[in-house]
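I opened my notebook to look up a few things in this protein. I went from the whole chain down to single residues.

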Amino acid sequence: PKPPPSPPPSPPPQPPPHPPPVTNSTDTASNVATRLRDAASAKSEEAAMKKKEATDKRAAADQKQQDATAQRAAANAMKKDADEKKARAQNTRDSMLGGITDEKKKKKARLLADAAI
């Protein structure tokens with residue numbers, strides 16, 4: 001016996017038709033414009049924040065520089081004061097040593113005076 005003939009091949013299945021694009025109220029032109037305005041506004045706000053941060057950083061740097069300048073001026077004044085005191089002490093030492101005639105005592109007195117200075 002012969003096998004029964006095979007049925008003819010069926011046509012390939014057709015994909016379902018695409019549904020029409022859903023028109024959403026969010027896709028309207030006015031909503032697109034609104035979203036673009038919102039994005040531009042957000043970028044503008046971000047730029048303003050960055051500008052304020054930069055201004056604050058500049059102000060902090062300026063303040064730091066002013067503080068450093070003030071400290072430098074104070075240090076210079078202290079050094080000048082110390083130099084003046086040292087010069088007065090050296091003059092006093094020299095005048096005291098002028099009255100000593102014994103060289104051995106004079107040498108010891110100079111050593112002690114220099115240590116005090």
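What share of the 117 residues in the protein is buried? I looked it up and found 3%. I noted at once that this is a predicted model.

**Overall**

I checked the surface next. The protein exposes about 10,900 Å². Carbon and sulfur atoms supply 61% of that area. I found two helices and zero strands.

**Helix α2**

I turned to α2, which covers residues 103–116. This helix has 14 residues. From its first C-alpha to its last, α2 reaches 20 Å. At 1.5 Å a residue, 20 Å is expected, so the span I found is close to that. I then asked how many of the 14 residues of α2 are buried. The number is one, so α2 lies largely in the open.

**How the helices meet**

I compared the directions of α1 (residues 29–98) and α2. Their axes come within 10 Å and cross at roughly 165°. That makes α1 roughly antiparallel to α2, because angles over 145 degrees count that way. I also looked up the hand of the crossing, and it is right-handed.

Which residues in α1 meet α2? I listed Arg93, Asp94 and Leu97. On the α2 side I wrote down Lys106, Ala109, Arg110, Ala113 and Asp114.

**Leu97**

Is Leu97 buried or exposed? Its relative accessibility is 7%, so Leu97 counts as buried, the cut-off being under 20%. Not counting residues up to four places away in sequence, Leu97 touches Lys106, Ala109 and Arg110. I checked one of these pairs along the chain. Leu97 and Ala109 are twelve residues apart there, and their C-alpha atoms are separated by 7.2 Å.

**Arg93**

My last entry is on Arg93, also placed in helix α1. Arg93 has a relative accessible area of 10%, so I noted this residue as buried too. Which residues does Arg93 contact, leaving aside its neighbours within four places in sequence? I found Arg110, Ala113, Asp114 and Ile117. Arg110 is on my list for Leu97 and on my list for Arg93.

Methods
Residues numbered from 1 in each chain as written. Predicted model: local features only at pLDDT ≥ 70, side-chain atom pairs only at ≥ 80, totals over all residues. Heavy atoms only, no water. Helix = DSSP H or I, 4+ residues; strand = E, 2+ residues; numbered from the N terminus. Buried < 20%, exposed > 50% of the residue type's maximum accessible area, 1.4 Å probe, protein only. Areas by Shrake-Rupley, 256 points an atom, 1.4 Å probe, with all protein chains shown as cover. Axes fitted to C-alpha atoms, helices over the stretch in contact; angles between N-to-C directions. Parallel < 35°, antiparallel > 145°, perpendicular 65-115°, else oblique. Left-handed = near helix turned anticlockwise from the far one by under 90°. Contact = heavy atoms within 4.5 Å.
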